[in-house]
Amino acid sequence: MGSRGDWKKLLPTALPGAAWLVAFMLLPSLFVFYASFLQRGANGWISGPLTLSNYLRFLGLDGESFDPLYLKILWRSLLLGGVTTAVVVLLGYPFAFFIALSKRKNLLLLLVVLPFWTNFLIRVYAWIVIFQRRGVLNAFLASVGFNPLHLYPSWTAVYVATVYTYLPFLILPLYASVEKIDWTLLEAAYDLGAGRLRGFFHAILPQTIAGLVSGVMLVFIPAVGTFVISDLLGAGKTVLIGNVIQQQFGSSRDWAFGSAAAFVLMAVVLLGLWIYARWAGEKGLEDLL
Amino acid sequence: MSGRRLLTAQGLLVLAFLYLPILVIIALSFNSSRYGVNWQGFTLKWYKQLLSHSQVHFYLVNSLIVAGVSTTVATVMGTLLALGLSRYRFFGRGGLLFLLYVPIVIPDVAMGAALLLFFAWVQRYLAAFHMSLITVILAHITFQVAYVTLIIKSRLAGLDPSLHEAAYDLGAAGWKRFWLVTLPLIWPGVAAAALLAFTLSLDDFVITFFTAGPGSTTLPIYIFSSVKKGVTPEIHALSTLMILVTTLILIVVQRVSTRR
């Protein structure tokens with residue numbers, strides 16, 4: 001591979017893309033960080049002097065008494081991310097093996113990829129059609145003689161739609177690992193007297209851990225940050241951190257506080273990515289895609 | 001029940017879960033009942049109503065302009081960046097690689113907010129710059145370039161280095177080698193990356209929502225605002241058409257990327 005300091009060749013290749021990412025990704029992120037220490041100014045813009053008040057407000061320490069409103073919202077978002085990730089793993093882990101062991105691998109893969117690429121909004125609003133008062137679910141329940149359920153809007157609907165939306169995000173990277181499994185290791189484990197459980201935990205699971213971890217990242221991160229799913233299917237207004245950011249940048253128009261909320265969310269995610277990069281290296285980062 | 005059967009049963013249930021909502025939408029788009037979900041007979045009237053709706057044409061054109069322009073820029077820039085990253089070691093390479101993953105892993109609401117803040121700040125100094133299709137395009141290029149670069153970078157890593165040396169020995173160096181040797185070899189990867197970038201742009205709602213201005217409504221923005229007002233059969237019809245287009249693009253991607 002290449003030569004060091006070959007600037008004449010490097011400039012026309014890497015420079016435009018690198019400059020673009022610095023201008024439109026790094027700079028805006030740094031600007032969010034800076035804005036999170038400012039205050040709401042005239043005309044809904046942001047202005048100085050520098051202050052910690054947005055973070056104090058986020059922590060619930062700005063008023064007379066401790067009010068953990070935003071900490072609760074952050075916790076709710078992390079809980080949604082954690083629970084949906086767990087459910088997605090329970091559904092998706094066996095499914096990756098189902099594809100890998102099937103005779104119709106390519107067809108099954110296409111069947112997983114199709115919902116993955118179907119417009120995200122369509123996949124979310126389909127659940128309104130299913131869960132609404134006179135929706136598909138209640139029509140079905142009525143036809144078999146059950147009472148209707150009131151699931152729209154509800155947290156149940158938010159959880160179901162989040163699991164549904166992100167399930168393919170786990171299956172695809174996991175399948176890439178499962179496909180490469182060396183099954184002779186399992187036979188070796190059995191020959192050495194391992195039972196089914198030990199065989200799985202010592203011979204199979206370690207071979208799929210890379211795909212599992214990247215799948216978990218790809219589910220957990222967007223689930224924690226979602227605002228569309230809770231906006232369309234959830235009851236109440238300020239439910240998740242994504243909704244807080246959207247409202248502060250939208251109708252509430254307090255961009256400084258919105259920036260603090262966005263920075264908290266970015267920090268949580270980038271910390272996770274950094275730990276993952278340290279653990280998995282450049283190859284591991286490539287597996288994320 | 002044996003383990004294998006259990007696995008198959010679970011697999012079929014997961015498939016049912018994945019497809020039930022999509023099939024419900026498709027079926028209802030042909031149902032002549034406007035409000036109920038009970039089947040009242042087959043109809044194409046929702047499609048006719050949708051297609052006669054001139055605003056929808058305008059949103060479709062917006063979506064296609066954004067996707068077309070951003071995909072072109074992102075594909076060229078991403079291919080070159082992938083080339084630079086895989087050929088050369090340079091100062092800041094590690095940081096740049098990390099930066100490439102940021103648009104992919106960062107929650108889109110945070111990226112949308114960051115871009116809105118940044119664009120609004122630029123606008124304070126440059127009055128001609130305002131929220132429009134241009135800002136949407138700039139935002140889309142940012143996440144597309146990350147995907148395109150990473151896909152092509154992995155293609156380049158899979159190339160046989162001896163081809164590179166052979167080209168050099170035969171006198172093809174620099175850009176000549178790029179056009180005659182490297183590009184034909186990675187071409188399927190470039191095409192697949194471009195189609196992926198195009199689909200990502202067509203599908204994007206959150207980042208467009210933050211960076212769009214008045215008059216730059218795209219199809220997903222229209223779907224969102226319609227759904228907020230209530231679910232209608234016209235939206236089922238629009239969704240069905242979008243699912244159809246996605247399916248076609250996917251089949252093309254599969255054909256292109258599996259071709260040797």
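Let's start in the middle: the largest nonpolar core has 148 residues, and I245(A) and A113(B) are the ones with the most contacts inside it. Helix α7(A) gives the most to this core, contributing 15 residues. Keep in mind that you're looking at a predicted model.

Now zoom in on A113(B). If you leave aside its neighbours within four places in sequence, A113(B) is in contact with V32(A), I245(A), F249(A), G258(A), A262(A) and F210(B). That list includes I245(A), the other residue named for having the most contacts inside the core.

Step back to the two chains, and you'll find 73 residues of chain B in contact with 79 residues of chain A. On the chain B side, the largest share comes from helix α1 (residues 3-29), which puts in 13 residues. Sorted by class, that side of chain B has 54 nonpolar, 15 polar and 4 charged residues.

The crossing of α5(A) past α7(A) is right-handed.

Which residues do the meeting here? From α5(A) come F120(A), R123(A), V124(A), W127(A) and F131(A), and from α7(A) come A157(A), V160(A), A161(A), Y164(A) and T165(A). By class, this contact of α5(A) with α7(A) has 8 nonpolar, 1 polar and 1 charged residues.

Notes. Residues numbered from 1 in each chain as written. Chains lettered and ligands numbered in written order. Predicted model: local features only at pLDDT ≥ 70, side-chain atom pairs only at ≥ 80, totals over all residues. Left-handed = near helix turned anticlockwise from the far one by under 90°. Helix = DSSP H or I, 4+ residues; strand = E, 2+ residues; numbered from the N terminus. Contact = placed C-beta atoms within 7 Å. Nonpolar A, V, L, I, M, F, W, Y, C, P; charged D, E, K, R; others polar. Core = buried A, V, L, I, M, F, W, Y, C linked by C-beta atoms within 7 Å. Buried ≥ 20, exposed ≤ 12 C-beta atoms within 10 Å, placed from the backbone.
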